[in-house]
Amino acid sequence: MNPLIPQSAPDAVLGAAADAAASTRAVEMPVGIPGYTLREEKRTVPASEPPVLPVNKDLNYIGKPTERWDGLEKATGRARYTADVQLPGMLYASFVNARIPHAKIVSIDTSEAENYPGVKGVHVMQHELGNAVLRNPALDQSRYPVVRYAGQPIAAVAAATQEAAEEAAAKVKVKYEALPFVVDQNLAREPNAPQVFPGPADEAGSAGGGGGDSSVKQKGNIHGPSVNKHGDAEQGFKDADVIVDAHYTTQVQTHSALETHGVVADWKPEMLTVYASTQGTASVRAELAGFFKLPMSKVRVITEFMGGGFGAKFGAGNPGVAAAALSRKTGAPVRLMLNREEEHLSVGNRPSSDQRLRIGAKKDGTITAIQLISYGTAGCGTGAGCAGPATNLYKWAALHTEENDVFINAGPASAFRAPGHPQGAFALEQSIDDLAAKLQMDPIDLRDRIDENPVRRVQRQIIRESAIWKSRNPKANADAGPIKRGVGLSQSVWYRFINRNSAAEVRVHKDGSLEILSAVQDIGSGIKTVLAQIVAEQFGVPPAKIAVKVGDTNYPVGPNSGGSVTTASLTPAARDAAWQASRKFLASIAPALHTTAADLSISDGKVHSASGKFQPISFRAAAAKMDTDQVSAQARRVADYDPHHYNTYGGVDIAEVAVDTGTGRIHVKRVLAVHDCGRPMNPTQTISQINGGMIQGISYTLFEHRLLDPNYGLMMNANLDKYKIAGSLEIPEIEVQLTESYIGQSSTDASGIGEAAGIISAGAAIGNAVFNATGVRIRQLPMTPAVVLAAFNQPQSTLEALNGEAR
Amino acid sequence: MGERTSSPPETLPERNPTEQARQPASGGLTRRGFLKGAGITAAGTALLDGLQGVQSQAAETGPAGVKEYGPNAAAVTLRVNGRERAVHIEPRTTLAEALRVHLGMTGTKISCDRGVCSSCTVWLDKMPVNSCMTLALDAVGHEVTTIEGLSEDLERHAVIESFVRHDALQCGFCTPGMVMSSAALLERNPHPTEADVRMAVSGNLCRCGTYPKVFAAVLDAAGRHAQKA
């Protein structure tokens, strides 16, 4: 582990040289899907790696449905989240936020606020984190950061009570020089639109949807295009027998985690300690150390429990910096948790999209060309690209994608569960169904033709044989109505990302107790439980008995939890540490047992002597023989065993809908979700995440919509009563089937499921189901009753023209 | 406001139970009155008899017995989980703030702070209410039950253990409120259907999308809860 290595460094920099110098050994690993394609393949692995882990059915704890390690703490309210942290003398802080969408700040008068009863300090923001940054900062010519959106934090007030902080914040006088603004994405694309930035601007950590990087040109508010060309797309369309050409739009979605962003910062001369609601303790430490020029050794970040992030909670951000600055100024711990309105406005969202998608194909379904031209807004940030699915889901002869970010005066987007992919798949997977209809092919047959991924192939077979799919009438609009039923399918794709900046330590104590430590945070996906299972498997002790200590940068460095990297990155390090600790443990007990470590082994919770020196003894009894109170081993993630093998994950999902053609309301009745994530470590939690991804996807598809008022530039529904999220009455019956899929890549061969888990495919699965039910395509999100009725009322000729269906 | 419908509405609201409660019977809408009515959760609207119980007790304090508070903080006694707890609060302090900030009982969560997500659900005389929309002063004289209180008797409230067994939680932030709504359902209806469970937690938002397992957990707990009740 080397905390100085930047996280973005490629594996080659991260110690591949050291790995190469180490000795290796050849192993046979299970690869493929049990019951379908399971086989053994050769891999060359570092000699220090533990023995190959058999498939789940041959294990005791890994891969078994396991109760969430901290479930009882959460269900009883004992779990302490950042919002629950109370320190002696703690102050409460509140932001002063911009109330207009675009302005230069002329002056900020904090005097009245500073004299307000109970107030201990005021901090004026000198930097805005999250917004794109001008390539030439001099263009702003402003004493304070320019306001780019309503809700941008300007200052923060710390006081003895939350009420005093809020009241004093209202006393801060901000004088603005208002600038013209634009909050409508289409208007922002006009040549004479108000400019969000006076010159090209980029975002270092973008919303992750592609297209945002600084090599891309910018004209007006359009940051793009980011172009990706393979082969000759125009020739591909000439070669095509059929072309589908359609226009899709998707809305902005806010993350709306139930615990808002926030921190409790405690600045002491010897150490800055920060409790943070974050997906990356490491990212918060790095940003604070960098911002305040502190050594990393003097910044400690703690995340015991975390109330949801979905991609929006990385780094210290404006709340972290403001709270730390206030704590330094006041000499007291400062709590700054955003309120619900701020959570909607200033800490991220999923960018919108406006996509023109053309697909050309031969009569047999072979795709000759895909062309995607997209415009999306990430507010005053970047990363609204959505070409991932079009690029990676199917085989094509030629590809041409252009992704454009459109700046508007709204809060910057941030990564949101499978960045870019729900938008991209909503378009691609509906157009693939259009293509199937044009070719008079079954949607699954067509996908079998154009998708060679062996895992998806098995998953489609499972779908094909399911009761829901069998109940689908291949003919669209077959029901008489007024309520029409339909079934639709969509696939999803995500990628095997690894963060080798991941380590764990396993300790064995003389009383037989075991603990595992890592700075990794459990964001609700259940890494604590999985770490416990790994130690349990090694020592034969039930997971509930393992002490799991995570969410603290005092422990070995953990990966930031984004892009489904946590399980894939950390579990091999944890297993390696458990294996190495077990070797040290056996060496430590060997003298008292009058044998050598090589004679000893642990299995099924017992220590065995190969030479038969003694009958198997319990692990606990063996631990009492240790020649020290504690042995421990720390291991860091080694490189994937077969780095040239690029793995994707995904799934095939189907949804059954009932469309009320009178009201335009879509009811999702049943969902079957078939997904893979390598070796499922804990099917219980994996299924929970897929349920959740699917429900978030349904919510995105039918309900969620950030609404900005074009006249004032304010968000009109920055709360949870007007920003509608799916609730208990809108949840379909969901069946999840996990595809256990081995890839021979690491000592656990596991991966995460967060991104691929339904959010990508829900929109298109529902869209395809609505088409199957009604014969009408909905190419706009959210599919509110008004949108659905409008589509029903379009003359079919207009629809054809709108969809641009050439040929 | 103060008056509430005494007969069950035709259909229960899906998300926002405050719509019916916020109709003033006569006179205008006051913040205090609004908060009093708006505190009732979706689970609470289904419990009209309980609701009337609170109403009648509130009425007993009547105009003649009204004690005036504010604007400064005053000492009052809340009865929380069977114990008398002295708190020094301003009249505007919500029950959620009193519990979390003044009593350090952080099992009750605040998420939307306007009565729509039900993360802050506690019981007031066994009726689930949104504690972010209930003034602490209005809880005086009533029995407040929080997740900490419910957790004292895991045997009795099988729903907590059932949530864990069914993995009816992910990040866990909505879970205490979800448990309080679910347990209240089992208190009044030992044999609920899935539709009953959905209605009981229809005000409880879960952004992780754990609902299917919540339904399973509550239905599974129902049988065992009924045996003990």
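**Close-up views of a predicted two-chain model**

**View 1. Helices α12 and α13 of chain A.** In this predicted model, the axes of helix α12 (residues 443-450) and helix α13 (residues 454-464) of chain A come within 10 Å and cross at roughly 170 degrees. Angles over 145 degrees count as roughly antiparallel, so α12(A) is roughly antiparallel to α13(A). From α12(A), the contact takes A:Ile444, A:Arg447 and A:Asp448. From α13(A), it takes A:Arg457, A:Arg460, A:Ile463 and A:Arg464. By class, this contact of α12(A) with α13(A) has 5 charged residues, 2 nonpolar and no polar.

**View 2. Helices α15 and α16 of chain A.** Helix α15 (residues 527-539) packs on helix α16 (residues 566-589) in chain A at an angle of about 30 degrees. Their axes are 9 Å apart. Angles under 35 degrees count as roughly parallel, so α15(A) is roughly parallel to α16(A). The crossing of α15(A) and α16(A) is right-handed. On the α15(A) side, the contact is made by A:Ile527, A:Val530, A:Leu531, A:Ile534, A:Val535, A:Gln538 and A:Phe539. On the α16(A) side, the residues include A:Leu570, A:Ala574, A:Arg575, A:Ala578 and A:Trp579. A:Thr566, A:Thr567, A:Thr571 and A:Ser582 of α16(A) also take part. Sorted by class, the contact of α15(A) with α16(A) has 10 nonpolar, 5 polar and 1 charged residues.

**View 3. The open sheet of chain A.** This sheet has 6 strands, in the order β10-β11-β19-β18-β17-β12. The pairing is mixed. β10 (218-219) and β12 (242-250) of chain A stand at the edges. Each has a single partner strand, so one side of each is left without a neighbour in the sheet. Helix α11 (residues 421-438) of chain A lies across β12, β17 (353-361) and β18 of that chain. α11(A) runs at about 150 degrees to β12(A).

View 4. In chain A, β10 runs antiparallel to strand β11 (residues 222-230), joined by 2 bridges. A:Lys219 has A:Ile222 of β11(A) as its bridge partner. The hairpin formed by β10(A) and β11(A) has 2 residues between the strands. In the turn, A:Gly220 has a positive phi of about 60 degrees.

**View 5. Strand β19 and its two partners.** β11(A) pairs with β19(A) in the antiparallel sense, over 7 bridges. Strand β18 (residues 367-376) of chain A runs parallel to strand β19 (residues 399-406), also with 7 bridges.

**View 6. The contact between chains A and B.** The contact takes 43 residues from chain A and 42 residues from chain B. In chain B, α7 (147-151), α8 (158-165), α9 (175-188) and α11 (211-228) each supply at least two residues of the side that touches chain A. α8(B) gives the most, with 4 residues. By class, this side of chain B has 18 nonpolar, 14 polar and 10 charged residues.

**View 7. Confidence along chain A.** Chain A averages a pLDDT of 94, and 95% of the residues score at least 70. Over residues 1-18 of chain A, the pLDDT is below 50. Beyond near neighbours in sequence, that stretch has 17 contacts in the model. Residues 801-807 of chain A also stay under 50. For residues 801-807, the model has 14 contacts beyond four places in sequence. Where pLDDT is low, the predicted coordinates should not be read in detail.

Terms used: Residues are numbered from 1 along each chain as its sequence is written. Chains are lettered from A and ligands numbered from 1 in the order in which they are written. This is a predicted model: local features need pLDDT of at least 70, side-chain atom pairs count only at pLDDT 80 or more; totals for chains, interfaces and linings use all residues. Two residues are in contact if their C-beta atoms, placed from the backbone, lie within 7 Å. Ala, Val, Leu, Ile, Met, Phe, Trp, Tyr, Cys and Pro count as nonpolar, Asp, Glu, Lys and Arg as charged, and the others, Gly among them, as polar. Axes are lines fitted to C-alpha atoms, for helices over the stretch in contact, and angles run from 0 to 180 degrees between N-to-C directions. Angles under 35 degrees count as roughly parallel, over 145 as roughly antiparallel, 65 to 115 as roughly perpendicular and the rest as oblique. A crossing is left-handed if the near helix is turned anticlockwise from the far one by less than a right angle, and right-handed if clockwise. pLDDT is the predictor's confidence in each residue, from 0 to 100. Two strands pair if DSSP finds at least two bridges between them.
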